[in-house]
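We will go stop by stop.

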Amino acid sequence: MDDQNVPIDIHSNKLLDWLVSRRHCKDDWQKQVIAIREKINHAIQDMPEHPKIVELLQGSYINYFHCQQIVEILKETEKDSKNFFGYYSSQRMKDWQAVLTSYEKDNIALAEAAHILQKLVQYEIPSLKKKITRNDQAINEAMRKETEYNKTAQFSKKAYEAELQKMQISGANIRAELMALATDLPTFFQDVQKQISTLSPAISYYRHFRNYVMEGAGAEEEKLLQLLEFTTSHSSDVTVFEWRQGKKPNGVERPLLKSDSDALEEEEDEIDFGDDADAEIDFGTDDIDFGDEVQIEIVGDESGVINDDIARGDDALCVFEFRETLNQLKSELNELQAFLTQRELEENADMGVYAHLASVLQRPSEIDSVSVTSISEWKKTALEVESLLSDTQKNHLIMIRASPQYVEKLVEALREKHSFEGKYKQLESLMVTKQHSERESAAKAQSELKVIVASTKVLKKQIEQAISKKYSNRPTHIMGEIAQALA
């Protein structure tokens, strides 16, 4: 094959090293480029108005090949300054011709162009491609989060609505609705007490059966279901004081349930000190005559507590409102229910041993007279009462009556749950905004990449032609990483 047709293949990453190693360029070419850049900056200050020049000057970096195009344009714009000998008197032309001369010395133009090409291929183009990839990933992530936040917002809304439904309120005015429900609790307590009162025979049955089984041993030492039995024989508003002290109080000082209007009035009430803030208060000069020495006698027990038999604090609550007595009631209902369940199983069991024992052992009439049907009814009632007292809504309302401050915590908790929907909706909106922003950024990067790839292809071709001229127009190809970058 003729050497003239043998192609010159140069790897893009080794292009500058290839030019230096073959002595086309010097190692210190960058030092001379600094002076050339100064000349270009000076020449740019005085340029004719021409669209092509404006387009060239808007590029990212002016190289030797741009300067050649500028000179060609100046040949048209400055042709009037050309003399008889073919020289131009125009300072513009002289400045740009001087730039070309400096570039052509020691092939500085070729070295700079190779450096620019490597920089574009190794850094600029991959950086833009990575940016576009990151934008696409951010868009996909934002879309995923948008869907996720939307689902979470819907879930939060349903959870909040479920809480409202559980509390049996609409949510229009949470505090007022809760206070209204808490005010109606005494009616609920009356219904519960009526059901509990029907368990009085069951309690007696439990006691008789235990005495029978234990043959009376320890019957006096340990009383069964004391609070439950106490509740069956008292009204629903019986206080903790009466349960503890065994007598009715002389008075009851309950914590006040304040409505929204009451709370608002308290906040708005202010003391009017008058307009004259600097006015002095006249306390008078006369002494106050307290008369004879007054002695105040305070009656209390050894611990210092006043014994006026007034139910205050926890003692002023009814047994259904105080947490300790309420838990005790539920515990005793559980105990009674467990006993009745066991007795029902034993009575319904088809085993000869129970029939034999019943015929051999003489059981008290209080036990024999109770039917399985009665036991089942008692068990059902105990289960219903325990379920009523364990209801989530009722427990919240009971806490409100026992401690009016609790309503504020409950309202705050419900409002916080309600706010979750708005927060996730806001996050969803932010994800939509982020998608729009990332798409704009990706579109801008795509546009920049398109311009840079086009200019890189042109620069590659220009360098190949310049190298080819140095080797008698042999085919020259810059290959390697550049092919992937320009793809």
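What follows is a short tour, from the whole chain down to single residues.

**Ground rules**

This is a predicted model: local features need pLDDT of at least 70, side-chain atom pairs count only at pLDDT 80 or more, and totals for chains, interfaces and linings use all residues. Numbering starts from 1 along each chain as its sequence is written, and side-chain values use heavy atoms, with hydrogens and water left out.

**Stop 1: the whole protein**

Show everything as a cartoon. Helices are DSSP runs of H or I with at least four residues, strands are runs of E with at least two, and both are numbered from the N terminus.

The accessible surface comes to about 30,900 Å², by the Shrake-Rupley method with a 1.4 Å probe; for residues, only the protein chains shown count as cover. Carbon and sulfur atoms hold 50% of that surface. Of the 487 residues, 35% are buried. Buried means under 20% relative accessible area, exposed over 50%, and partly exposed in between (1.4 Å probe, protein chains only).

Next, think about contacts, meaning heavy atoms within 4.5 Å. Take those between residues at least 6 apart in sequence: 79% of them join residues at least 24 apart.

**Stop 2: colour by confidence**

Colour by pLDDT, the predictor's confidence in each residue, from 0 to 100. The protein averages 83, and 83% of the residues score at least 70. Which element has the lowest mean pLDDT? Select helix α12, residues 260-268, with a mean of 46. The highest mean, 94, belongs to helix α6, residues 108-167. Then select residues 263-300. Here pLDDT stays under 50, and the model has nine contacts beyond four places in sequence for this stretch.

**Stop 3: a helix crossing**

Select α6 together with helix α2, residues 29-44. Their axes come within 10 Å and cross at roughly 100°. The axes are lines fitted to C-alpha atoms, for helices over the stretch in contact, and angles run from 0 to 180 degrees between N-to-C directions. That angle makes α2 roughly perpendicular to α6, a label for 65 to 115 degrees; under 35 is roughly parallel, over 145 roughly antiparallel, and the rest oblique. Show side chains at the contact: W29, Q30, Q32, V33, I36 and R37 of α2 meet I108, A111, E112 and H115 of α6.

**Stop 4: two loop asparagines**

Select N107, in the loop between α5 (91-104) and α6. N107 is not a glycine, yet its phi is positive, about 55°. Now jump to N473, in the loop between α18 (406-470) and β4 (476-479). N473 also has a positive phi, near 60°. Buried or exposed? N473 counts as exposed because its relative accessibility is 58%.

**Stop 5: a buried loop serine**

Select S236, in the loop between α10 (226-232) and α11 (240-245). S236 counts as buried, at 12% relative accessibility. Leaving out residues up to four places away in sequence, S236 touches P186, F189, Q190, Q193, C318 and F320. C318 is buried too, at 5%.

**Stop 6: inside helix α4**

Select I70, in helix α4, residues 64-77. I70 is buried, with a relative accessible area of 0%. Beyond four places in sequence, I70 touches M47, L56, L57 and W96. Draw a distance from I70 to Q97: their C-alpha atoms are separated by 9.8 Å, 27 residues apart along the chain.

**Last stop: cysteines**

How many disulfides does the whole structure have? The search finds zero, taking a disulfide as a pair of cysteine sulfur atoms within 2.5 Å. Finish on C67, buried at 0% relative accessibility.
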